[in-house]
Amino acid sequence: MNVLVTGNLPEKVLSLLGEMHAVEFHTEDRPLERSRFVEMVGDKEGLLCMITDRIDDDLLQHAPRLRVIANMAVGYDNIDIEAASKRGIPVSNTPGVLTDATADLAFALMLAVARRLVEGDLMTREGGFRFWAPMYFLGHEVSGKTLGIVGLGRIGKAVARRARGFEMEVLYHSRTRMAPEQERELELSYRDMESLLSRADFVSLHVPLTPDTHHLIGEKELAMMRESAYLINTSRGPVVDEKALVRALEKRTIAGAGLDVYEEEPALTPGLKELNNVVLLPHMGSATVETRSRMALRAAENLLAGLVGKRPADCLNWDDIHGNSDRRA
Ligand code: GLV
């Protein structure tokens, strides 16, 4: 069958797909241009796509033969699942395999912004490190502080586990509260959003982007945070009102932020890059050799299953297409 792969994947994964199917690749490290995408997807039965590809009703209209969409990401806000379900197209993501890499990066951002790693590195390179001095280049400690986790899925839980090693008190807020014994086991305390924001020294976001989480952190929420607190976002940019964040960082109504994602990615809100109390990364939460290989393989396996009409292991809409009775198909 004909397959389109819109990103550069490890050789091993490309050959796995190539052994069984006619695969067309877009291997440049830049997103496929829309017109080219529309052209390329027209005769394909399988699509292995990236978060930078917008898969909407209009694109699907140009892909009448599509039998499966395998997104190489855990987040799938780039895909109109309803439009795919309506056409009977299963959609999959890659959960689980990027949990640790993303949780590690959330911690890296906490440490980087609170301990001023980027500023320190730049200054040292520029020859600014002349003497050790007792009150020189002071940051704030991560160890022993209070961490507020917003969204307690796999990644949120992995961040909470890491926080134990830093002897942090961990608060969480999520749509559904865990059972008390689970909270005890993970050493987590549930808080409503306002009390989490007003108590935490670090607020780390781990929610998917949905209409409900768009601008979850805006002016009002930023105002609830402490002046000494840091905001960490490794989820999706539009979860934060970036203009409001720039204002809060400029006025120092919060101490700083560590961002891996942006509202209009890859563009940055004016003012953001001029600030020295923010660490900015290029959406690299899952960007390790190990994790990206696992994600590519997982996406390929989902694709291969869908091409032969089987339920992809990580299918997001199988029940919407087939109804609950087909759950184990
Ligand atoms: C990356 O952002 C992902 O959703 O996997």
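Tutor: Happy to! Let us start where helix α11 begins: D241 caps its N-terminal end, with a side-chain oxygen 3.3 Å from the backbone nitrogen of K243. Keep in mind that this is a predicted model, and that the distances here are computed from it.

Now walk along the helix itself. Helix α11 covers residues 242-251, and its buried residues are E242, A244, L245, V246, A248 and L249. What lies over them? Among the elements covering these buried residues are the helix α10 (219-224) and the strands β10 (230-233), β11 (256-259) and β12 (278-280). Just past the end of α11 comes R252, whose phi is positive, at about 60 degrees.

Next, step back to the whole chain. It is divided into domain 1, made of 2-96 + 289-322, and domain 2, which runs over 99-280. Six residues of domain 1 and five residues of domain 2 take part in the contact between them. The centres of the two domains, taken over C-alpha atoms, are 32 Å apart.

How much area do the domains bury between them? Domain 1 and domain 2 bury about 510 Å², and 48% of this is on carbon and sulfur atoms. One salt bridge is found across their interface. R236 and D77 also form a salt bridge through their side chains, at 2.9 Å from N to O. Between the two domains, two residue pairs are in polar contact. On the side of domain 1 that touches domain 2, the residues divide into two nonpolar, three polar and one charged.

Finally, let me show you two lysines to compare with what you saw in the helix. K12 sits in helix α1, residues 11-20, and K12 counts as exposed because its relative accessibility is 57%, where exposed means over 50%. The C-alpha atom of K12 is 26 Å from that of D104, which is 92 residues away along the chain.

K44 is found in the loop between α2 (34-41) and β3 (46-49). With a relative accessibility of 3%, K44 falls under the 20% limit and therefore counts as buried. What does its side chain reach? The side chain of K44 comes to 2.7 Å from the backbone oxygen of M40, and it also makes a polar contact with the side chain of D43, at 2.8 Å. Leaving aside residues up to four places away in sequence, K44 touches N2, V3, L4, E24, R65 and L66.

Terms used:
Residues are numbered from 1 along each chain as its sequence is written. This is a predicted model: local features need pLDDT of at least 70, side-chain atom pairs count only at pLDDT 80 or more; totals for chains, interfaces and linings use all residues. Side-chain values use heavy atoms; hydrogens and water are left out. Domain bounds come from an automatic or database domain assignment. Contact means heavy atoms within 4.5 Å. Buried area is the accessible area (1.4 Å probe) that two parts lose on being put together, summed over both. A salt bridge is a side-chain nitrogen of Lys or Arg within 4 Å of a carboxyl oxygen of Asp or Glu. A polar contact is a pair of N or O atoms within 3.5 Å; within protein, one must be able to donate a hydrogen and the other to accept it, and residues adjacent in sequence count only if both atoms are side-chain atoms. Ala, Val, Leu, Ile, Met, Phe, Trp, Tyr, Cys and Pro count as nonpolar, Asp, Glu, Lys and Arg as charged, and the others, Gly among them, as polar. Buried means under 20% relative accessible area, exposed over 50%, partly exposed in between (1.4 Å probe, protein chains only). Helices (H or I, at least four residues) and strands (E, at least two) are DSSP runs, numbered from the N terminus.
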